[in-house]
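Here is a short tour of a protein model for anyone who likes to know how each label was computed. Have the viewer open and follow along.

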Amino acid sequence: MFGFILRRLAVAIPTLLLLIVLSFLLMYAAPGGPFTQERALPPQVLANLNAKYGLDDPLWRQIVNYVWGIVAHFDFGPSFIYPDRTVNQIIAAGFPITLTYGGIAFVVAVAVGVTLGVTAAIRQNTWLDYCAVGLSIGAQVLPNFVMAPILVLVFTLWLGWLPGGGWGGPIFWIMPVIALSTSFMASIARITRSSMLEVLGSNHIRTARAKGLSESKVILRHALKPAMLPVISYLGPAFVTMITGSVVVDMYFSTGGIGRSFVDSALNRDYAVMMGITILVGALTILFSLVVDLLYAWIDPKIRY
């Protein structure tokens, strides 16, 4: 297992470094610059700004300095639009908020989705199966950019039960969590159901039932673990999407998460913040892909070889 981890790290670390370099090159190739405005700055002022942020250095030196700052000091540099704030400070202010409701949404989506999928599989072609599948299909066609305004319309404007935006106690978490977890819950339920049905029809399940084991023991001890393999492969990217891809939720509910910071940085040409958030998303994707690989190897030892 230790060798398996080392092999995965040997792939993950160069991938992350390549991501950092590619992100920098894409921002460098983008038209305009961080100080491009409708009214052009005087040439001397523009030259002074470029010199201050090192933008007048050769491209290779800019890349080396940027990569070294991240690797050695975990420093994404200063913001071009907010001179008194660094990219680290902007991410540190928004990421805990996004992590809070994204993590809760992930737990809710997994708990509800797996429960619906297992229930539908073990009660196939019954009213429980039809209800679970119908609920999953209905939730699948309601992505977060559709759920968010519906929730605000119903629970804030019509009923007045929940605040329509801002960030505070648990009451502010309810609508962002529902909006973010709904479509993911539906996908998890569908994957779990199809995987569970395939496992329940396998030979080792028939053998376990022939030995006289109760249905609950057959499900929990012999069917659930192998049925989770396709689900786990989906959970890694899904978790990263919930944590970092919640731009719509941040915009609708004004939570103050990094989704709003990413949109503002794109509109304001704050390339440093855009690169910082992009690299954070990529690092989380690589990290949770590694976690998924390790879970795969733990569940099915054949994968280690």
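## Val64 and the ground rules

Val64 is found in helix H3, where helices are DSSP runs of H or I with at least four residues, numbered from the N terminus. At 48% relative accessibility, Val64 counts as partly exposed, because that class lies between buried (under 20% relative accessible area) and exposed (over 50%), with a 1.4 Å probe and protein chains only. Val64 and Thr255 are 191 residues apart in sequence and 35 Å apart in space, C-alpha to C-alpha.

This is a predicted model: local features need pLDDT of at least 70 and side-chain atom pairs count only at pLDDT 80 or more, while totals for chains, interfaces and linings use all residues. Residues are numbered from 1 along each chain as its sequence is written, and side-chain values use heavy atoms, with hydrogens and water left out.

## The nonpolar core

A nonpolar core is a set of buried Ala, Val, Leu, Ile, Met, Phe, Trp, Tyr and Cys residues joined through side-chain atoms within 4.5 Å. The largest one has 72 residues, and Tyr66, Phe95, Met196, Leu200, Met242 and Phe253 touch the most other members. Helix H4 (residues 87–122) gives the most to this core, with 14 residues.

## Helix H6

Helix H6 spans residues 144–158. Its buried residues are Asn144, Met147, Ala148, Leu151 and Val152. An α-helix has 3.6 residues a turn, so residues three or four places apart point the same way. Among the elements covering the buried residues of H6 are helix H7 (174–200) and helix H10 (247–253). Just after H6, Gly160 takes a positive phi of about 70°.

Most residues other than glycine have a negative phi. Which way does the phi of Phe74 go, positive or negative? Phe74 has a positive value of about 50° and sits in the loop between H3 and H4. At 55% relative accessibility, Phe74 counts as exposed.

Asn125 also has a positive phi, near 65°, and its place is in the loop between H4 and helix H5 (127–140). With 54% relative accessibility, Asn125 counts as exposed.

Note on methods: Helix = DSSP H or I, 4+ residues; strand = E, 2+ residues; numbered from the N terminus. Expected span 1.5 Å × (residues − 1). Contact = heavy atoms within 4.5 Å.
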